[in-house]
Amino acid sequence: MLELNKSGTDRSGPGRLPAQGPGPDAAPGTRPAAGSPGPDASAGRVPLRPYLIAGALLCALYFLYAYFQYARFGSPSWDLGIFEQEVRAYAGFDAPIVDIKGPGYLILGDHFSPIVALLAPLYWIWPSAESLLFAQAALFALGAVIVGRTTQQILGGRSGLCVTVAYGLSWGIQEAVKADFHEIAFAVPLLALVCRALLLKRYTAALLWSLPLVLVKEDLGATVAVVGFLLFVYGRRLQGALLAAFGVAAFVVTLVVLIPAASSAGRYDYWTKIDKNGEQDVSMLDSVLGALNSSVKIEMLVFLIGITAFMALRSPLTLLIVPTLGWRLLSQDSNHWGMVWHYSAILMPVLFLALADGVRRSRASRRPWLASYAKVAVPVAAAIAVAMTQHLPLRDLLRPETYRTDDARTQAARAALDAIPAGARVETDITLMAHLTSDRTVYWVGGAPGTAPDIVAINLDFGWSRPIQDPVAYAEQLHPEARYRLKHRGGSFVVMERTTPEPAKIPGVRGD
């Protein structure tokens, strides 16, 4: 698939960005002679095996971290449970109903990510949340293979393996691994393929690889439009204009038509992330003026460019990160601003291939300092990634306690799971959630009024705003239509079962 459009039919024309050859800083005599081999001519001489080995090692590291976090009941959010419910529905050829978001909730009315259905065949083989964690690890590692091999093709030497290390250990990828599974895992290799095609002047391939991005998440239509803009400037005017129009249309239609049509509320709920701060309305002007009003935002921007030794600033590929950064900086939700969670993962392949492009541009610069810096920028980026890892999630793989799954808390959590029968409707918190979704109907605690679930299972140490003194009374407070009794208690985990009959009509559950 990486060899799409290698026939050379993509001829550059007027208006192409100077990145496609030696830049305006190139000294006389540095331009390639007529007939000299271009990127495509050298592509076949770059071995694939070293990058497959590096990718396999990175996949193992990512999955190892994610697996033991899951095995120790350490999921940081409800997202892994949400995505397993979605994939489980697709695997059963059902509508993607995610009861964690609410009984009978159609997830396409929340985020538009139908590409997740591609995981259904894997789920048939391995019906567990672990299969999603493995899929994400493999997709992130595939991005490393593409980024590293492309870098070697355009820079030569050992630059490709250095960039593979820098990308593979980058904070954006590591934080996404820690955040469990998210749909953006599909965007990472797709964006790597788009950038690869642009750098190797395979413009039709860039167009084709960008199209599936609109199925990954609703905001990526704007990124597709930027790909179209780059194609237009590179001289592929018709292709670029059509792709930009498609990206804008997909972005608008998804947010204004498709998601509201699937949402029970009839709207796209995430607009409130921009126009509301708590209960206070925020104008678009105030959002724009406040885009850089936090040191957390500025720190994120510095580290985004800093991990490329600042060479990404020399490449127009960096424009591809603008749409994602735009909505994050406009958001009033502080979770979107910083260096944690999964939001920066899709920026990593773009930035590291922009690094390769920036080095290529700078090697022949008339500015001696820039040409000299270009010679060391790639190993500097790799050194930065290795140094930062001591403060990032993968460092935990060096700690023996990471691999311990026999501690008292984990054993208590397993005992709680054993007390919950397969097929039950369960209301629970994040701790047990992703361990239950493969063979139970799971609700978010407090998010399923009127359902009278069979089981209410909670971790008393979850971090409640007020400590739960009487778990049974708490379950009956959540569901006054039912009565519960204590079935199991071990450590901080409590399992309560309903003692009254199941309601004749359960919200979100359709009768046969």
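Of the 512 residues of the protein chain, 56% count as buried, where buried denotes a relative accessible area under 20%, exposed over 50% and partly exposed the range in between, with a 1.4 Å probe and protein chains only. The structure is a predicted model, in which local features require pLDDT of at least 70 and side-chain atom pairs count only at pLDDT 80 or more, whereas totals for chains, interfaces and linings use all residues. Residues are numbered from 1 along each chain as its sequence is written, and side-chain values use heavy atoms, with hydrogens and water left out.

The protein chain contains 20 helices and seven strands; helices (H or I, at least four residues) and strands (E, at least two) are DSSP runs numbered from the N terminus. Its radius of gyration is 25 Å, close to the 24 Å that the globule rule gives for 512 residues, so the chain is as compact as a globular protein of that length. The radius is taken over C-alpha atoms, and the rule is 2.2 Å times the number of residues to the power 0.38. Along the principal axes, the C-alpha atoms fill a box of roughly 85 × 50 × 45 Å. Among contacts (heavy atoms within 4.5 Å) between residues at least 6 apart in sequence, 73% join residues at least 24 apart. The accessible surface of the protein chain amounts to about 21,900 Å², and 62% of this belongs to carbon and sulfur atoms; areas come from the Shrake-Rupley method with a 1.4 Å probe, and for residues only the protein chains shown count as cover.

A cavity is a set of points where a 1.4 Å probe fits but cannot get out, a pocket is an open set with protein on both sides within 12 Å along at least five of seven lines, and lining residues have an atom within 4 Å of a point. Grid points are joined across faces, edges and corners, and a volume is the space filled by probe spheres set on the points. The largest pocket has a volume of about 970 Å³. It is lined by 38 residues, of which His 111, Lys 217, Tyr 270, His 336 and Tyr 343 are the closest to its centre. At least two lining residues are supplied by each of helix 3 (79-91), helix 11 (237-262), helix 12 (272-275) and helix 15 (322-330). By class, the lining of this pocket comprises 18 nonpolar, nine polar and 11 charged residues. In this scheme Ala, Val, Leu, Ile, Met, Phe, Trp, Tyr, Cys and Pro are nonpolar, Asp, Glu, Lys and Arg are charged, and the others, Gly among them, are polar.

Helix 6 (residues 159-168) is mostly covered, with seven of its 10 residues buried. The buried residues are Ser 159, Gly 160, Val 163, Thr 164, Ala 166, Tyr 167 and Gly 168. Their cover includes helix 2 (49-71), helix 5 (129-155), helix 7 (171-178), helix 8 (187-199), helix 16 (347-362) and helix 17 (368-388).

The loop between helix 15 and helix 16 holds Ser 344 and Trp 341. Ser 344 is buried, with a relative accessible area of 2%. Leaving aside neighbours within four places in sequence, Ser 344 contacts Trp 171, Gly 172, Leu 304, Arg 328 and Gly 338. Ser 344 and Trp 171 are 173 residues apart in sequence, and their C-alpha atoms are 8.4 Å apart. Trp 341, by contrast, counts as partly exposed at 26% relative accessibility.

Most residues other than glycine have a negative phi. Trp 341, although not a glycine, has a positive phi of about 65 degrees, and Ala 309, also not a glycine, has a positive phi of about 55 degrees. Ala 309 lies in the loop between helix 14 (295-306) and helix 15 and is buried at 1% relative accessibility.

Pro 393, in the loop between helix 17 and helix 18 (408-418), is buried with a relative accessible area of 4%. Residues up to four places away in sequence not being counted, Pro 393 touches Tyr 65, Gln 174, Glu 175 and Lys 178.

Notes: 1 Å grid on protein atoms, 1.4 Å probe; cavity = no way out; pocket = protein on both sides within 12 Å on 5 of 7 lines; lining within 4 Å.
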